[in-house]
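The following exercises concern the protein shown below. Please work through each solution step by step.

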Amino acid sequence: MKRYTITAALPYTNGPIHIGHLSGVYIPADIYARYLRLCGKDVVFICGSDEHGVAISIKASKETTTPKSIIDKYNKIIRKSFESFGISFDNYSRTSRQIHHDTASEFFKKLNSSNKFIEMTSDQLFDKNHNKFLADRFVTGTCPICSYKNAYGDQCEKCGSSLNANDLINPKSTLTSEIPILKKTKHWYLPLNKYENFIRDWILDTHKDDWKVNVYGQVKSWIDDGLKPRAVTRDLDWGIPVPTKEAKGKVLYVWFDAPIGYISSTKEWARKNKKNWEDYWKNDKTELVHFIGKDNIVFHCIIFPSMLRAHGGYILPKNVPANEFLNLEGEKISTSKNWAVWIHEYLEDFPNKQDVMRYVLTAIMPETKDSDFTWKDFQAKNNNELVAIYGNFVNRVIVLINKYYMGKIPKPELYTKDDEDIINSIKQIRDKISLTIEKFRFREANSEMIKIARIGNKYLADNEPWKKIKNNPERTKTILFISIQIVSALAYLSEPFLPFTSIKLKGILKIEKQIEWKEILSSNIIESGHKINRESLLFEKIEDAEIYNQEQKLEITKK
């Protein structure tokens with residue numbers, strides 16, 4: 001059987017997660033994983049906290065505490081947010097765990113002993129007042145690509161370009177705001193230039209037609225500019241110590257150790273479940289898919305694959321369906337400016353409305369270009385689609401069956417071609433949802449899912465069973481039998497998108513059986529005589545006052 005290893009970008013534990021993270025990475029990954037499980041596939045869905053970034057050291061310094069206090073605090077918040085939103089990881093680990101330290105250290109030692117690194121002494125930025133080399137986010141300056149004045153030493157948040165600290169124009173230390181000097185230091189480099197032809201053959205020649213245009217374009221841009229050696233060690237005191245005596249006081253670069261976190265998290269899962277982790281990373285029958293945001297493309301499409309290639313024995317990703325960025329009310333989400341909708345705060349303001357946010361974020365997912373979240377659109381999609389279409393259709397069917405047949409599914413007695421056509425149309429939508437998910441077009445799949453409820457509503461409106469109950473009871477029974485089949489199909493087909501709603505709807509229908517995706521509606525899901533529960537609202541209207549409160553909360557952050 002083909003296996004699937006699905007990874008979602010490891011979130012930095014220097015703060016909570018927001019809707020941009022969910023829309024960009026975690027919801028699409030979860031939809032894909034849930035769908036594959038419904039298809040009966042062997043899936044492991046992997047993630048974990050990235051706890052060695054320089055941003056964590058900076059956060060600890062600002063809050064006058066230790067990096068460990070920071071990672072423990074935010075790991076707990078992030079983990080709870082994912083669980084509350086139904087992100088169905090098979091394993092969520094931490095890069096501070098021993099299993100990860102061991103895995104990353106062994107990976108480095110294998111490459112080092114195989115002479116895959118080059119050792120170079122070079123000039124690095126140094127804060128003499130703080131007596132510290134300035135790696136990555138300890139430096140800010142002007143981006144050499146787009147001239148943004150507050151770019152970090154590893155990345156420009158405005159244009160998304162990956163940088164080296166020495167590339168910055170007019171750099172300054174974030175520790176003291178002083179202008180740094182250059183000082184010599186020795187580091188271990190992965191010579192990416194040696195893997196340029198490999199990346200070109202693997203991605204540019206092989207995946208031109210099946211990878212996203214934005215991913216392919218960014219990789220091509222890097223290749224066209226020519227790859228250069230990249231340091232895999234840093235002069236820092238927080239991280240995994242470089243496992244060689246020559247590197248005392250140095251740690252592994254976070255972008256060397258973090259993607260190895262996928263492997264160590266899989267190992268952790270395999271130990272718990274008595275599985276062989278290598279089947280999910282070293283078997284050609286396994287498909288590896290990385291879900292990331294566009295700012296991580298270079299690491300997952302160039303650096304990590306080059307590491308895997310250098311090590312040998314590992315499979316390469318089948319796809320890296322990176323999303324673009326989600327904006328908020330027309331402005332870029334900014335954690336430093338608190339311009340964000342934080343997931344843990346959303347759950348406090350909208351308890352039990354996880355699926356509403358999941359639905360909206362999928363509907364506006366930034367799959368090929370940046371998109372925008374607004375609270376008014378959030379309200380409209382809930383009220384006009386989830387309540388008025390999905391919830392309304394389900395509620396009408398459940399109410400009518402309870403009203404006319406005391407909750408027992410009637411036996412169909414008088415079929416028409418219309419009944420056959422409606423079931424066939426839902427089967428076609430089932431297959432289209434399948435196709436679009438497999439092509440990572442989650443917005444389109446989400447739209448097809450809600451279309452099922454639209455079709456169901458139209459079927460009820462056209463056939464008007466409430467008018468036929470007395471004069472044509474045979475026809476009424478059939479209409480409602482067909483309708484409950486559509487409702488039950490919706491309970492299964494919406495599970496990747498609306499997992500909590502799916503559970504609630506199955507509870508109303510009193511169905512527990514597992515059905516593989518392709519079998520949905522191949523026969524009756526619910527048979528006549530089956531007893532269902534009373535109706536219960538799946539969604540509730542969101543009032544103007546609730547939206548006003550959220551908009552005001554954002555306005556306060558501007559002041």
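**Exercise 1: Cysteines**

At 0% relative accessibility, Cys143 counts as buried, because buried means under 20% relative accessible area, exposed over 50% and partly exposed in between (1.4 Å probe, protein chains only). The model is predicted: local features need pLDDT of at least 70, side-chain atom pairs count only at pLDDT 80 or more, and totals for chains, interfaces and linings use all residues. Residues are numbered from 1 along each chain as its sequence is written, and side-chain values use heavy atoms, with hydrogens and water left out.

Task: Determine how many disulfides a search of the whole structure finds.

Solution. 
1. A disulfide is a pair of cysteine sulfur atoms within 2.5 Å.
2. The search of the whole structure finds zero disulfides.
3. For Cys143, the nearest cysteine sulfur belongs to Cys156 and is 3.8 Å away, so Cys143 is in no disulfide.

**Exercise 2: Salt bridges**

Solution. 
1. A salt bridge is a side-chain nitrogen of Lys or Arg within 4 Å of a carboxyl oxygen of Asp or Glu; the structure has 37 salt bridges.
2. In the salt bridge of Arg358 and Asp30, the N to O distance is 2.7 Å.
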